[in-house]
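Please read this briefing with the structure open beside you, and look up each part as it is mentioned.

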Amino acid sequence: MPLYSHSRLSTFEKCPLQYRYRYIDRIRRDVQGIEAFLGNQVHGVLEFLYRELREGRCPSIDHLIARFNNSWADACSERIRIVKKEFTAEHYRAVGERCIAGYYSSYHPFDQDTTVGLEERVQLSLDPESRYQIQGYIDRLARIGEGIYAIHDYKTSSSLPSDRMLRRDRQLSFYEMGVRSCYPDAREVRLVWHYLAFDQTLISRRTTAELDEHRRRSIQLIDTIEAATDHPAKESALCRWCDYRDICPVQRDQYRAEMAAAGEGPAGPPEAARRTLPAGDLPAPTSHGGAVAVHRARSGRTKRSGAPAEAEQMSLF
Ligand code: SF4
C-alpha cells in the first residue's frame with residue numbers, strides 16, 4: 001500500500017480522474033498555479049524567519065520583504081499559470097508582501113512560543129498493524145508550555161473557511177496524530193491556521209473522539225481508493241485549476257476553446273462557488289462559534305496547491 005497524504009486523499013475526493021493522472025499514471029506537468037507559487041514563496045520566507053530566530057537573529061521586515069521579492073523575481077516564469085485573468089502576477093506578489101508584513105507586525109518579536117520543528121515531517125499509522133500510513137509536513141511546530149504544543153499552518157488562500165470546514169479539517173488532524181505519537185509528553189495540541197491574506201489566526205482543538213473519527217473515515221477512504229478500478233471525471237469549479245484539462249475527456253474541448261479565445265477577457269467560476277471582495281478590500285470579521293477561537297491579528301492590516309474558493313468560504317481575491 002502506498003504512503004498516503006492529505007493532499008493525495010483530497011485529490012481523489014475532488015476528482016478520481018485527476019487522481020489517476022497524477023498518482024497512477026504519474027503524468028508530470030511543468031506548470032504551477034500562481035496561488036501555489038505564492039504560497040511557496042511566502043512559506044519560504046516564514047521558514048527563513050524562524051530559522052534565523054533559532055540562530056538568535058531577528059531579521060527586519062524590510063529584509064524579509066526584500067528576500068521575498070528577490071525570490072519571487074528569480075522564480076517567477078512563464079511556467080507560472082494565472083487562472084483568474086482579472087488578476088496579474090503583480091497583484092499576487094503584492095498580496096504576498098502584505099501577508100508577510102501582516103504576520104510580522106502581528107507576531108514580532110516572535111516570543112510567543114519555542115519553535116521545535118520547521119517543515120517537520122510526520123509519518124503516522126492510522127491502524128495498529130501500520131497498513132495505513134500517512135505522511136505530511138508541519139509548517140512550524142511550537143512548544144507553548146509544559147506538554148502544550150501548537151501546530152502552525154500558513155495559508156495564503158483567498159478564502160476564509162467556515163467553522164464547519166475547520167472542524168472537518170483532516171490535514172492538521174493528521175499532524176496532531178503524528179505529534180502525539182512523536183512527543184509522548186504532549187497533553188494538549190493546538191491547531192493553528194494563519195490565514196495570512198485575512199490577517200486572521202484560527203485556533204482549534206480536537207477531541208480524542210474527533211481524531212478517531214478522522215482516522216476511521218481516512219481508512220475507509222483509502223480502502224475505497226485501493227479498490228477503485230474506475231476513475232471517473234468529476235467536474236467542478238476547480239477544473240479551471242486542473243493540470244490535466246488538456247487531456248481530460250470532459251474538459252478538453254472547453255479548454256481548447258478558452259485557449260483559442262485567450263485574451264478576450266476573464267472568466268470566473270460559478271457565482272455560487274465563490275464570493276469575491278474587490279482586491280485590496282478588508283474583509284469583515286467573520287463569526288466562528290463552537291470550539292474554534294478566532295483572533296483578529298493585532299496589526300489590522302488588509303491584506304500554497306493553490307486551492308481556489310469553495311462553497312462555505314469567503315473569498316478575498
Ligand atoms: S479537468 Fe476536472 S474533471 Fe477533468 S480531470 Fe481535471 S478535475 Fe477532473
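The model is predicted. Its chain has nine helices and ten strands, and buried residues make up 31% of the 317 residues in the chain.

**Helix packing**

- Two packed helices are described by the angle between their axes and by the distance between those axes.
- Helix α4, which covers residues 61-75, and helix α5, which covers residues 89-107, have axes that come within 10 Å and cross at roughly 155 degrees. Angles over 145 degrees count as roughly antiparallel, and α4 and α5 are therefore roughly antiparallel to each other.
- Where α4 passes α5, the crossing is right-handed.
- Helix α3, made of residues 34-54, also packs with α4, at an angle of about 140 degrees and with the axes 10 Å apart. That angle makes α3 oblique to α4, and the crossing of α3 and α4 is right-handed.
- Ser71 is found in helix α4, and it is partly exposed because 17 other C-beta atoms lie within 10 Å, while a residue needs 20 or more to be called buried and 12 or fewer to be called exposed.
- Although Ser71 and Gln41 are 30 residues apart in sequence, their C-alpha atoms are 7.2 Å apart in space.

**Strands and a hairpin**

- Strand β7, residues 188-195, pairs with β8 in the antiparallel sense over five bridges, and the bridge partner that Leu191 has in β8 is Ser204.
- β7 and β8 form a hairpin with four residues between them, and the turn includes Asp199.
- Strand β8, residues 200-204, has a covered face with Gln200, Leu202 and Ser204, whereas Thr201 and Ile203 belong to its uncovered face.
- In another strand, β3, which spans residues 114-125, lies Glu120. Glu120 counts as partly exposed because it has 18 C-beta neighbours inside 10 Å.
- Glu120 and Leu141 are 21 residues apart in sequence, yet the distance between them in space, from C-alpha to C-alpha, is 7.2 Å.

- Most residues other than glycine have a negative phi, and most peptide bonds are trans.
- Against that background, the peptide bond from His108 to Pro109 is cis, with omega near 15 degrees, and Pro109 has its place in the loop between α5 and β3.
- Phe110 is found in the loop between α5 and β3 as well, and it has a positive phi of about 60 degrees although it is not a glycine. With 14 other C-beta atoms within 10 Å, Phe110 is partly exposed.
- Asp199, which is found in the loop between β7 and β8, is a residue other than glycine whose phi is positive, at near 55 degrees. Asp199 is buried, because 25 other C-beta atoms lie within 10 Å.

**Surroundings of the ligand**

- The ligand is surrounded by 13 residues, and the closest are Cys15, Ala233, Cys239, Cys242 and Cys248.
- When the shell around the ligand is sorted by class, it has eight nonpolar, two polar and three charged residues.

Key:
Residues numbered from 1 in each chain as written. Predicted model: local features only at pLDDT ≥ 70, side-chain atom pairs only at ≥ 80, totals over all residues. Helix = DSSP H or I, 4+ residues; strand = E, 2+ residues; numbered from the N terminus. Pairing = 2+ DSSP bridges. Near = placed C-beta within 6 Å. Nonpolar A, V, L, I, M, F, W, Y, C, P; charged D, E, K, R; others polar. Axes fitted to C-alpha atoms, helices over the stretch in contact; angles between N-to-C directions. Parallel < 35°, antiparallel > 145°, perpendicular 65-115°, else oblique. Left-handed = near helix turned anticlockwise from the far one by under 90°.
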